[in-house]
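This report looks at a few parts of one protein chain. Keep the sequence and the structure at hand while reading.

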Amino acid sequence: MLEICMLASGSSGNAVYVATEKTKLLVDAGLSGKRLAAALTEIGAEPTALQALLISHDHNDHIYGAGVMSRRYRLPLYATEPTWKAAKNRLGKIAAEHCRRLPLCGRLVIGDLLVETFPVPHDAAGPVGFIFRSGKQAAALVTDLGYVTPYILDRLQQLDCIILEANHDEEMLMNGSYPWPLKQRIKGNTGHLSNTLAAEYLRKILTPKTKYVILAHLSEQNNLPQLAYDTVCNRLEASGHLPGKQFSVQVARRHTPSCYLRLV
Ligand SMILES: [Zn+2]
Ligand SMILES: [Zn+2]
C-alpha cells in the first residue's frame with residue numbers, strides 16, 4: 001500500500017504526504033510548521049506520527065517550514081549534501097542525529113518504503129526528484145525542473161503514479177507581467193516545465209501500468225488549473241492516450257490538500 005497526498009503545491013509552498021502501513025513521510029516543507037500540521041490533520045494524518053522529512057532542494061517554497069518541523073516533531077531531515085550547504089542558515093539548528101544525507105542519485109530504505117533519488121536540472125544546489133516504492137506500488141514526484149533528461153524518462157517508466165510539474169502556460173508567461181530575466185529563468189533549461197512540455201514528456205512516460213497523473217507546482221500568475229488540465233489531456237489524446245479511461249489526470253491544489261491517492 002502506498003498513500004500519497006499533495007498538501008500544498010506551487011511557488012507559495014510545497015509539501016507531499018507519502019505513507020505506507022508502517023512508514024509516514026513528509027516530502028518538502030515549504031509552508032509554516034503550523035500550516036503543515038493543520039494540513040496533515042485535515043487529511044487524518046497525525047504530524048506526530050511522521051518518521052522523516054525529505055527535501056528535494058533548497059528553494060524556500062520547499063524548505064520554509066523544514067527546520068521547525070524537524071525540531072517540533074523530532075524528525076530526521078534528509079537532504080543532499082549541496083542542499084544542506086545551501087539551506088543551512090535558513091533551516092536553523094537541526095539536531096546532529098537528525099541531519100541525514102540523501103544521495104543525488106541512489107536509494108535508501110526508510111521503514112518499509114524504498115526511496116530512490118535522481119538529479120533534476122533546476123537552478124538550485126543538488127536538486128533531486130523521487131520515486132517511492134512499497135510492495136508492487138510505485139510513485140514518482142518530479143517538480144522544479146527545466147526539462148526531463150533521458151535518464152529521468154527512463155527512470156519514470158512502469159510506475160503507477162506520476163506527479164509531474166506543469167508550471168506555466170507559455171503564452172501566459174510571455175504575455176504576463178514578470179520581468180524579462182525572470183521569464184527567461186522560468187523558461188530555461190534549469191527553470192520549470194510548461195504545460196506543453198509536461199504533456200510531451202508524459203507521452204513518453206505513460207505505460208499501461210500508470211493509472212494516476214498529478215499535475216503539480218502550477219504558477220499562480222502564469223497558469224490556470226483548467227488550462228493545465230486541458231492542455232495536457234488534449235495533447236495526450238492527440239497522441240492516442242485516453243485520459244479519464246486509461247488513467248486519471250488530477251491537478252494539485254495550491255493551498256489546500258488534494259489528490260489523495262491510495263495505491264494498493
Ligand atoms: Zn518550487
Ligand atoms: Zn525550485
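## A histidine in a loop

Where does H57 lie? The model is predicted, and in it H57 belongs to the loop that runs between β4 (52-54) and α2 (60-63).

Is H57 buried or exposed? Its relative accessible area is 2%. Buried means under 20%, so H57 counts as buried. The side chain of H57 takes part in two kinds of pairing listed here: a polar contact of 2.9 Å with the side chain of S56, and a polar contact of 3.3 Å with the side chain of H59. Leaving aside residues up to four places away in sequence, H57 touches D28, H62, I63, T83, H122, A124, P127 and D144.

## Helix α1

Helix α1 covers residues 33-42, and its buried residues are G33, L36, A37, A39 and L40. Viewed down the axis of α1, these buried residues fall within an arc of 160 degrees, so they line one face of the helix. An α-helix has 3.6 residues a turn, so residues three or four places apart point the same way.

The face of α1 turned away from the buried side carries the exposed residues K34 and E42. The cover over the buried residues of α1 includes the strands β1 (2-8), β2 (15-19) and β3 (24-27), together with helix α3 (66-73). Just after α1 comes G44, with a positive phi of about 80 degrees.

## Helix α4

Which residues of helix α4 (residues 81-91) are buried? They are T83, W84, A87 and L91. Around the axis they cover an arc of only 100 degrees, which puts them on the same side of α4. T83 is also one of the residues that H57 touches.

The buried residues of α4 pack against α2, α3, β5 (77-79) and β6 (99-101). On the face turned away from the buried side, α4 carries the exposed residues K85, K88 and N89. G92 follows α4 and has a positive phi, near 75 degrees.

## Helices α8 and α9

Helix α8 (residues 195-205) packs with helix α9 (residues 225-238) at an angle of about 35 degrees, and their axes are 9 Å apart. The crossing of α8 past α9 is right-handed.

Which residues meet between α8 and α9? From α8 come N195, T196, A199, E200, L202 and R203, and from α9 come L227, A228, T231, V232, R235 and L236. Sorted by class, the contact has six nonpolar, three polar and three charged residues.

How values were computed:
Residues are numbered from 1 along each chain as its sequence is written. Chains are lettered from A and ligands numbered from 1 in the order in which they are written. This is a predicted model: local features need pLDDT of at least 70, side-chain atom pairs count only at pLDDT 80 or more; totals for chains, interfaces and linings use all residues. Side-chain values use heavy atoms; hydrogens and water are left out. Axes are lines fitted to C-alpha atoms, for helices over the stretch in contact, and angles run from 0 to 180 degrees between N-to-C directions. Helices (H or I, at least four residues) and strands (E, at least two) are DSSP runs, numbered from the N terminus. A crossing is left-handed if the near helix is turned anticlockwise from the far one by less than a right angle, and right-handed if clockwise. Contact means heavy atoms within 4.5 Å. Ala, Val, Leu, Ile, Met, Phe, Trp, Tyr, Cys and Pro count as nonpolar, Asp, Glu, Lys and Arg as charged, and the others, Gly among them, as polar. Buried means under 20% relative accessible area, exposed over 50%, partly exposed in between (1.4 Å probe, protein chains only). A polar contact is a pair of N or O atoms within 3.5 Å; within protein, one must be able to donate a hydrogen and the other to accept it, and residues adjacent in sequence count only if both atoms are side-chain atoms. The arc is that of the directions from the helix axis to the C-beta atoms.
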